[in-house]
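Subject: Structure handover

Hello,

Here is the structure I said I would pass on. My notes on it follow below.

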Amino acid sequence: MSELSELYQQVILDHNKKPRNFRKLESANHSAEGYNPLCGDHLTVYLKLEDDAVKEVTFEGSGCAISKAAASMMTQAVKGKGKQDAEALFAAFHRMVTGEAYEASASDLLGNLKIFEGVREFPVRVKCATLPWHTMHAALNNKELVSTE
């Protein structure tokens, strides 16, 4: 197994076992629910937006290890970012895991989220990795439900 594959597995397992920001955010002023019927992933993303910035972001729900780890790392990545920057992260992450071309600057933007790059080798798992991001995107734009059907 390559070092990258091993690191990927370790990070996924860690964030699945001990997800960061895993709770309902009582002070949220935006939220959305996401559902992946293929895998059974079901989560809610909560955002507290102030002055067009993500002051706080949390999630709760259940799902596979990839979905939960992606949600955990997403909350860490977008907390404190402006809405436009959070949307740029969403777009870069989506392009990366779907195999679309993305510029080197987007790779720099993604930081440790690049660990999910290998997901594109398993098309059925792409929806697991992107569900939290689509749900966060929906919450930012006042949409309440996302499904990957």
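Helices here are DSSP runs of H or I with at least four residues, and they are numbered from the N terminus. L140 lies in one of them, helix α5. Please keep in mind that this is a predicted model.

The sheet

Four strands make up an open sheet, ordered β3-β2-β1-β4, with mixed pairing. The edge positions are taken by β3 and β4 (145-147); each has a single partner strand, so one side of each has no neighbour in the sheet. On average, neighbouring strands are turned by 20 degrees against each other, ignoring direction.

Strand β1 (residues 30-36) runs antiparallel to β2 and is joined to β2 by seven bridges. One of the pairs involves A32, whose bridge partner in β2 is V45. Four residues separate β1 and β2, which form a hairpin, and G40 in the turn has a positive phi of about 90 degrees. With β4, strand β1 runs parallel, and three bridges join the two. There, Y35 stands opposite S147 of β4.

The side chains of β1 alternate.

Helix packing

Helix α2 lies across β2 and β3, and runs at about 170 degrees to β3.

For α3 and α5, the axes come within 10 Å and cross at roughly 160 degrees. Angles over 145 degrees count as roughly antiparallel, and α3 and α5 are therefore roughly antiparallel to each other. Their crossing is left-handed. On the α3 side the contact is made by K83, A86, E87, L89, F90, F93, H94, V97 and T98; on the α5 side, by V126, A129, T130, W133, H134, M136, H137 and L140.

The core

Which residues touch the most other members of the largest nonpolar core? They are F93, F116, W133 and M136, in a core of 42 residues. At least two core residues come from each of α1 (3-17), β2 (41-50), β3 (53-62), α2 (65-78), α3 (83-98) and α5 (123-140). Helix α5 gives the largest share, nine residues.

W133: leaving out residues up to four places away in sequence, W133 touches A70, M74, A77, V78, L89, F90, F93 and L113. Of these, L89, F90 and F93 also belong to the α3 side of the contact with α5.

L140: is this residue buried or exposed? The cut-off for buried is under 20% relative accessible area, so L140, at 1% relative accessibility, counts as buried. Beyond four places in sequence, L140 touches H30, L47, L49, V54, K83, A86 and E87. L140 and E33 are 107 residues apart in sequence, and their C-alpha atoms are 12 Å apart in space.

V11: this residue lies in helix α1. Apart from neighbours within four places in sequence, V11 is in contact with M73 and I115. V11 and S72 are separated by 61 residues in sequence and by 11 Å in space, C-alpha to C-alpha.

Regards

Methods
Residues are numbered from 1 along each chain as its sequence is written. This is a predicted model: local features need pLDDT of at least 70, side-chain atom pairs count only at pLDDT 80 or more; totals for chains, interfaces and linings use all residues. Side-chain values use heavy atoms; hydrogens and water are left out. A nonpolar core is a set of buried Ala, Val, Leu, Ile, Met, Phe, Trp, Tyr and Cys residues joined through side-chain atoms within 4.5 Å. Buried means under 20% relative accessible area, exposed over 50%, partly exposed in between (1.4 Å probe, protein chains only). Contact means heavy atoms within 4.5 Å. Two strands pair if DSSP finds at least two bridges between them. Axes are lines fitted to C-alpha atoms, for helices over the stretch in contact, and angles run from 0 to 180 degrees between N-to-C directions. Angles under 35 degrees count as roughly parallel, over 145 as roughly antiparallel, 65 to 115 as roughly perpendicular and the rest as oblique. A crossing is left-handed if the near helix is turned anticlockwise from the far one by less than a right angle, and right-handed if clockwise.
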